[in-house]
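Have a look at the model first, and then we can walk through it together.

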Amino acid sequence: MPASLQMINQKSASCLLLSSMATSNTQLGSLDVDKSTNDAEKRTCDVENGLSTPHRLEIQNEYEDNSKVPKLSFPHIFWLFFTKFGLFAWGGPVAQIALIKDRLVVKDQWITMARFNRVFAVYQILPGPEAAELCMFFGCLSGGRWGGLAAGLGFMLPGFVLMLAASYLYVVVGFGNRYVDASFRALQPMVAAMILRATHKIAEHALVSHETKKANPLLFIYAILTALNSALRINWFISLGIYGLINMLLIRKYWPVASILFILQYVGYALYVVFKGVPSPLSLALGITRTPDLSHLFALGLVAGSLSFGGAYTAIPFIQAEAVLLGRWLPQQVFLDCIALSNILPAPLVIFATFVGFQGGYVQNGLGYAFAGATVITLGMWFPCFAFTIIGHQILEKLVRNKFLAGFFDGICGSIVGVIAIVATQILGWSVGNTGRIKPQTVDDVLVIASHDSIAAVLFLIALAILYRFTNKYTAILLMLGGALVGQFLFV
């Protein structure tokens with residue numbers, strides 16, 4: 001074979017070999033390109049969401065990362081939360097939560113801010129003071145369930161001791177003392193203003209769907225209808241249960257069933273009116289504390305604590321109905337005084353229950369029994385808060401994120417706004433409306449009562465304007481102290 005032809009054949013064989021190799025590489029390359037394309041698409045999605053793959057894993061783990069939480073003993077946790085938070089729990093829940101967040105999240109970095117916000121969202125739905133629940137959550141991270149108990153006790157103990165002392169002084173000095181009565185007479189319309197302002201603040205988050213994070217018109221309707229039911233003297237528990245169930249059914253788009261349930265409540269009310277007459281104001285109560293002995297006081301605190309969705313203001317209507325309207329062992333004016341006292345102490349507002357228990361025990365069996373009454377009602381009020389938190393945050397989060405239960409809780413929260421609004425109106429009437437309720441003996445008595453009511457109305461408007469104008473954590477405290485001082489000049 002000529003040399004030139006042999007070279008041509010070698011080149012052709014080389015070309016065929018290269019061609020087959022290229023074909024194989026092309027097929028393998030196509031698989032690599034597909035894989036690379038998928039990886040690129042994932043990276044593109046992550047970039048669009050502001051996340052890289054390592055960062056996604058980091059975010060996934062930050063909700064469970066406890067590496068920065070110090071492991072502390074029971075006494076150490078108790079002392080930490082007693083000295084850092086319990087003694088400085090002034091200014092209501094907003095200030096208390098900010099104090100916890102600034103110290104444990106921002107400064108000490110026990111958990112990330114994203115995890116804190118997620119935890120706080122869960123406790124906003126559950127009954128109990130959120131600040132106390134957050135303390136117990138951090139205590140559980142640091143020392144397990146016993147750590148949660150230590151943190152909760154450390155946070156609540158200062159307020160409990162101070163309210164116990166205030167209750168004792170009120171009984172020993174307050175009854176019949178013209179100077180003490182004058183101060184509290186000025187504070188009562190201010191308390192009415194605070195409850196009305198609280199109704200607005202609670203509505204700002206209670207009427208928001210936890211699923212869409214937007215204002216839900218249905219929840220506003222539930223609040224209006226619950227207020228209407230209260231005016232018709234339909235028991236609050238009936239309204240709360242019905243509108244919780246209706247909202248749960250509407251989320252699942254069971255419109256016919258929800259409509260039937262809505263109609264049945266008024267059919268049942270109409271039948272009750274026909275056969276038994278219009279319900280009395282006492283129908284708003286359950287009747288569990290007609291006599292303020294220890295067992296009934298504990299039950300009162302337990303039920304009130306289980307109803308404290310959104311804070312203590314939701315427990316106020318129930319305790320008022322049981323102790324003031326039905327039991328009649330707590331005068332309305334004394335009830336308003338205890339709410340005023342709870343606003344000037346370093347504690348969650350639910351501490352007003354300690355005062356109620358003290359008064360009930362004192363009426364039942366004297367001063368020694370009063371301390372026992374204050375203790376048992378406080379235990380009952382705080383028990384749901386401790387129980388819900390210490391059983392485990394992860395379990396609570398699963399329950400709250402359940403679509404059925406979340407809808408039920410949303411319906412209850414919307415209804416509770418209507419209950420608080422009705423109570424705020426009633427307390428306003430009690431604090432500024434003595435004319436017509438107190439029977440004067442002389443013409444001078446008529447003028448004195450009318451002038452006092454007019455002054456109380458002005459104090460209410462001034463207090464309401466201050467609460468809307470100033471949102472500092474010390475506004476409520478300064479308002480209460482100022483009102484007590486002003487009362488000495490206006491009502492003595």
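In which hand, left-handed or right-handed, does α7 pass α18? The crossing of α7 over α18 is right-handed, where right-handed means that the near helix is turned clockwise from the far one by less than a right angle, and left-handed means anticlockwise. Please keep in mind that this is a predicted model, in which local features need pLDDT of at least 70 and side-chain atom pairs count only at pLDDT 80 or more, while totals for chains, interfaces and linings use all residues. Residues are numbered from 1 along each chain as its sequence is written, and side-chain values use heavy atoms, with hydrogens and water left out.

**α7 and α18**
- Helix α7 covers residues 178–206 and helix α18 covers residues 475–490 (helices are DSSP runs of H or I with at least four residues, numbered from the N terminus).
- Their axes lie 7 Å apart, at an angle of about 140° (axes are lines fitted to C-alpha atoms over the stretch in contact, and angles run from 0 to 180 degrees between N-to-C directions).
- That angle is why α7 counts as oblique to α18 (under 35 degrees is roughly parallel, over 145 roughly antiparallel, 65 to 115 roughly perpendicular, and the rest oblique).
- On the α7 side, the contact is made by Y179, A182, S183, A186, L187, M190 and M194 (contact means heavy atoms within 4.5 Å).
- From α18 come A476, L479, M480, G483, A484, G487 and Q488.
- By class, this contact holds 10 nonpolar, four polar and no charged residues (Ala, Val, Leu, Ile, Met, Phe, Trp, Tyr, Cys and Pro are nonpolar, Asp, Glu, Lys and Arg charged, and the others, Gly among them, polar).

**α8 and α16**
- Helix α8 (residues 217–231) packs on α16 at about 45°, with the axes 7 Å apart.
- α8 is therefore oblique to α16, and the crossing is right-handed.
- L219, Y222, A223, T226, A227 and S230 of α8 meet D410, G411, G414, S415, V417, G418, V419 and I422 of α16.
- Seven nonpolar, six polar and one charged residue make up this contact.

**Cavities**
- The model has two cavities of 30 Å³ or more (on a 1 Å grid over the protein atoms alone, a cavity is a set of points where a 1.4 Å probe fits but cannot get out, and lining residues have an atom within 4 Å of a point).
- The largest cavity holds about 80 Å³ (the space filled by probe spheres set on the points, which are joined across faces, edges and corners).
- W236, F237, L240, L307, T314, P317, F318, I416 and V419 line the largest cavity.
- Two or more of these lining residues come from each of α9 (236–251), α12 (316–326) and α16 (403–432), and α9 gives the largest share, three residues.
- The lining has eight nonpolar, one polar and no charged residues.

Technical notes
1 Å grid on protein atoms, 1.4 Å probe; cavity = no way out; pocket = protein on both sides within 12 Å on 5 of 7 lines; lining within 4 Å.
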